[in-house]
Amino acid sequence: MFARFAALVTLGFGLAWSAQAGAQDTVKIGVILPYSGPFADAANQLQAGIDLYMAKHGDTVAGKKIEIIRKDTGGPAPDVAQRLAQELVVRDGVDILAGFALTPEALGAAPVSAEAKKLMVVMNAATSIVTEQSPYIVRTSVTIPQVNTAFGQWAYEVAGVRQAYTLVADYGPGHDAEKSFSKGFTDAGGTILGSDRTPVANPDFSAFVQRVKDASPEAVYIFVPGGAQPAAIGKALVDRGLAPPATKIFAQGELTHPEALESMGATAKGIITTFHYTLERDDPLNNEYVEAYRAANNGRSPDLFSIGGYDGMHLIYEVLKKTDGSTDGDALVEAAKGMAWQSPRGPMSIDPETRDVVQTVYIREVQEVDGKLQNVIIHSIPEVKDPLHGQPK
Amino acid sequence: MVDTTLARHHPDGAHTWLKRQSRWSVFEIAFWLATLLPFFLFPTYLTLASQIAIAALFAISVDLILGYAGIVTLGHAMFFGLGAYSAGLISVHGWGEPLTGLAFAAAFAGLVGFIVSFLIVRVQHLALIMITLGLGLLTYELANALTWLTGGTDGLRGIRTWPIFNQFRFDLWGYTAYSYALAVLFLGFLASRRIVNSSFGLALRGIRENVRRMPAIGSDHRRHLQTIYTISAAIAGIAGALLAQTTNVVALDALSFNRSADVVVMLILGGTGRLYGAILGSIIFLVARDQLAGVNPQYWYFWIGLLLMFVVLFMPKGILGGLARLVVRREP
């Protein structure tokens, strides 16, 4: 009895609040990211993408002012993310939840978005299942199976590789990458000679690379976390003589990210990677974006996090225009379904069935251009969907 | 720290002294009544309040071994995480009843605690810190490797907690979550209070003060330490299970070193060797974190660090110890 009374009183308060918010004609967006802790850099890059979009397009959409409320999870803590999402909805009266650099954060907040019927824009978290956790989730980043399954297929069909070896870091994303590359490759007809997993922290790659060499594959697929590891594995590969063109080196885009390329130096030449965003892609929209981003961030280049945040904001602006400023969760998510646009990364759209991102996957090779190492696009696979959705588990 | 003069002077003093210690003071009653205030004053902060209650229960479990028995630990999140995962796992596999989930988590964490305690009682000081730290890290990596069971870095999914007594559903506002966490915290506190105010509790303090003397007066210190370590592990397991049930998610974070370290920070802030110190520490830590992170999400840890240094320098017995010094004690 008492609990019900108290709930009614608070509900009254809450309604009064949201009415007030409506009267002020603002749309509140709660951004949940790991601003502190080991993933702070990713959060800052993503936030910079959001800020850039807002600086460029103003903070008023469909006659409403956009207000951002930032909340810190401190890392992959789903309980904290859930509490923050709950507080944002209940206390701050936000209309849209956004951010989510890490999968556990998105999984924590998903039930809140489902219960409160709020649009939730996932701007990075890259595990397939994320969008299945709430009917209000829309993703604007990438999924690991999306880029790697297409890559495996390409390796067999276009690059003509018949047998390969996989070497991935022993953690969730690494396992996903191994599984999806192998699937794309073997479904097309290729053979995986062997799979090894390296420790996530400070591994010594030489023993692993030697094992790969002993199997003498035509190609090796590598997935390691960013930071110091790309340089370490590049050196190990060259030391053992496992390098292109004799052996093809395949990887996901992080391995040859501009900052990683700098530390790898010439050892990176010839590495072929798959990704959804390529910094050097020559396209007016991308050039303008990169230039503006560097100007706003002391010369730092945008990365995969930045583009996720940038396109996430684009989606929010566009759906608000479509609903004419209405923040009803159902209306917003309906507006998002099937939406397509030109992003600095290339053409992209939201799958109306899965609410997941559909985009071009780029296969790039590290080449020397004007004395500088760059990821040069050698092949584009348009309109790739995440292959795992709708499959039996 | 503890006034034992009475116990020394009277032949029957120990019994009287213990009895006096376990009497409820006005402050205590007022404190527990105050825990009901969030329902009326801060109804939009109930989720935070429930997580504070969970952290407080976890801090009490650490206080029992660190503050009372002198077992310094940097790996207690191991039991918190084991409790969270066991409660989460039975829910994933079709049994989401919360109270039996708590009991199962307590039993499992307690069992592991009992096994580990054989190792714990053999070492002291620096070696003890290293052993607890190592065990915590091992458990973390084990959970990371057992992806098929724990979901690995993605966390455990599909937890569905049934309504308590089939009556009270876990709501978005956190009414049920806070009531549930608070009730369990209170019961855990009552049990711990009973333990520290018993002759067993006194024996623990004896071990903390001088571990060599205890065998000399005929006290089986190893068995005492094993008992309290097992109890503490079970309580930590309950706290973990509460978190799993009120949020319906468990990730590796529940086992992380950060969680072990944060709980020690809470204890130091509040004051070790006092059950209310554990509760006060978790309130201060989490409220400060919430407020500071709201102001600046990037650098809030700076202020926590500053607060910690201030407390350690000027109130070595924690905030509660500092407050207690200000209140003049009434002698009987």
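## Exercises on a two-chain predicted model

Tyr276(B), Gly277(B), Leu280(B), Gly281(B) and Ile284(B) of α15(B) meet Gly318(B), Ile319(B) and Leu320(B) of α17(B), where contact requires C-beta atoms, placed from the backbone, within 7 Å. The model is predicted: local features need pLDDT of at least 70, side-chain atom pairs count only at pLDDT 80 or more, and totals for chains, interfaces and linings use all residues. Residues are numbered from 1 along each chain as its sequence is written, with chains lettered from A and ligands numbered from 1 in the order in which they are written.

**Exercise 1.** Describe how α15(B) and α17(B) pack, by class and by axis.

*Solution.* Step 1: the contact has 5 nonpolar, 3 polar and no charged residues (Ala, Val, Leu, Ile, Met, Phe, Trp, Tyr, Cys and Pro are nonpolar; Asp, Glu, Lys and Arg charged; the others, Gly among them, polar). Step 2: the axes of α15 (275–295) and α17 (318–326) of chain B come within 8 Å and cross at roughly 120 degrees. Axes are lines fitted to C-alpha atoms, for helices over the stretch in contact, with angles from 0 to 180 degrees between N-to-C directions.

**Exercise 2.** Characterise the fold of chain B as a whole.

*Solution.* Step 1: chain B has 17 helices and 0 strands (DSSP runs numbered from the N terminus: helices H or I, at least four residues; strands E, at least two). Step 2: its radius of gyration is 20 Å, close to the 20 Å that the globule rule gives for 332 residues, so chain B is as compact as a globular protein of that length. The radius is taken over C-alpha atoms, and the rule is 2.2 Å times the number of residues to the power 0.38. Step 3: the C-alpha trace spans about 60 × 45 × 40 Å along its principal axes.

**Exercise 3.** Which elements of chain A give two or more residues to the side that touches chain B?

*Solution.* Step 1: 32 residues of chain A are in contact with 28 residues of chain B. Step 2: the elements are α1 (2–23), β3 (64–72), α3 (78–90), α4 (103–116) and α6 (172–188) of chain A. Step 3: this side of chain A divides into 14 nonpolar, 10 polar and 8 charged residues.

**Exercise 4.** Trace the open sheet of chain A.

*Solution.* Step 1: its 6 strands run in the order β2-β3-β1-β4-β5-β6, with mixed pairing; two strands pair if DSSP finds at least two bridges between them. Step 2: β2 (60–61) and β6 (137–139) of chain A are the edge strands. Step 3: β4 (96–99) and β5 (119–122) of chain A pair in the parallel sense over 4 bridges, and Ala98(A) stands opposite Val121(A) in β5(A).

Key. Two residues are in contact if their C-beta atoms, placed from the backbone, lie within 7 Å.
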